[in-house]
Amino acid sequence: MIPKCNLHAHTTFCDGKNTAEEMVQGAIRQGCEVLGFSGHSPLPFDASWCMTEEKNELYRAEILRLREKYRGKIDILCGIEYDSFSVCSRQGYDYIIGSVHHVEREGIYIPVDGDRRLIEAEVARLFGGDYLAYAREYYEQMYTLKEKTDCDIVGHFDLLTKYNEDGSMFDEASASYRDAALSALEAVLKQDLLIEINTGAISRGYRKTPYPAPFILKYIAEKKGRVILNSDSHAANTVLYFYSEAVEYAKSCGIKELYVYQNGAFVPFAI
Ligand SMILES: [Zn+2]
Ligand SMILES: [Zn+2]
């Protein structure tokens, strides 16, 4: 049996609803065996959802304290979710999630999972309403994500589709969109990065299906890419949210194994 593992969790040190200790207690209640924290890295521009440098220090100390306190009950890891625009260092973390959260143009950082109306207004203003051009710039950052963040895991690969489950922003079936996504995916797969199935937008009520889209996950399965299941939880009661459904989703796309962090390494388990 695959050990229940989640390496993507946020706390009140960034934009989570609960403290790290409440997250640990929630994880134990839900039967989680491995819990990794992944606070949002500090950013060089205004981002209230990120940790400051000071908070980052406190965060690391607190996760280490909890690791000792709950030893034997649950394995606790200290990771970080590095944004593609953060200054990154591996030191002090067990693992790194690399994530693209913005598209930059003319010095404006559009948060791709931010307020929908803001995204629509900025894509209209800065891209002349061309979502494909916007998507290309989003995926362009995937090519250098490993180099910039030294990540082990790519977070929510197609985050820019957050509000597009109904196709009302752009056509995810179009050849040009798929080509942008799959070319970036190919680059990520060549670097042997773990790719996340991320259920965070489901627990927060934005979506009914996980990231990434089936055509992406099927491509990963075809290329025998490495996949990890993460909840991107922002609350103590959602540490394993949609877990079994996401395992079924992975299987339906041809994924045969999921990775879990055990004894300092990512280990595959058959599903
Ligand atoms: Zn993220
Ligand atoms: Zn996250």
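Which residue in β2 does cysteine 5 stand opposite? The first legend has the answer. A note before the views: this is a predicted model, where local features need pLDDT of at least 70, side-chain atom pairs count only at pLDDT 80 or more, and totals for chains, interfaces and linings use all residues. Residues are numbered from 1 along each chain as its sequence is written, while chains are lettered from A and ligands numbered from 1 in the order in which they are written.

**View 1. Strand β1 alongside β2.** Cysteine 5 faces valine 34 in β2. Strand β1 (residues 5–6) pairs with β2 in the parallel sense over two bridges; pairing takes at least two DSSP bridges between the strands. Helices (H or I, at least four residues) and strands (E, at least two) are DSSP runs, numbered from the N terminus.

**View 2. Strand β2 and its link to β3.** Strand β2 (residues 34–40) has six of its seven residues buried, so it is largely enclosed by the rest of the structure. Buried takes 20 or more other C-beta atoms within 10 Å of a residue's own, exposed 12 or fewer, and partly exposed is in between, with C-beta atoms placed from the backbone. Strand β3 (residues 75–83) runs parallel to β2, joined to it by seven bridges, and glycine 36 sits opposite leucine 77 in β3. Getting from β2 to β3, the chain goes through helix α2 (residues 53–69), again in a right-handed β-α-β crossover.

**View 3. Helix α4 against α6.** The axes of α4 (residues 131–140) and α6 (residues 175–190) come within 9 Å and cross at roughly 5°; axes are lines fitted to C-alpha atoms over the stretch in contact, with angles from 0 to 180 degrees between N-to-C directions. The two helices are therefore roughly parallel to each other (angles under 35 degrees). Among the residues making the contact are Leu132 and Tyr139 of α4, plus Tyr177 and Ala184 of α6; contact means C-beta atoms, placed from the backbone, within 7 Å. Buried in α4 are Tyr134, Ala135, Glu137, Tyr138 and Tyr139, and the buried residues of α4 pack against β5 (102–105), α3 (116–127) and α6.

**View 4. Glutamate 68 in helix α2.** This residue lies in α2. Glutamate 68 is exposed, with 8 other C-beta atoms within 10 Å. Threonine 19 is 49 residues from glutamate 68 in sequence and 17 Å from it in space, C-alpha to C-alpha.

Note on methods. A crossover is right-handed if, with the strands pointing away from the viewer, the path from the first strand over the helix to the second runs clockwise. Angles under 35 degrees count as roughly parallel, over 145 as roughly antiparallel, 65 to 115 as roughly perpendicular and the rest as oblique. Two residues are in contact if their C-beta atoms, placed from the backbone, lie within 7 Å.
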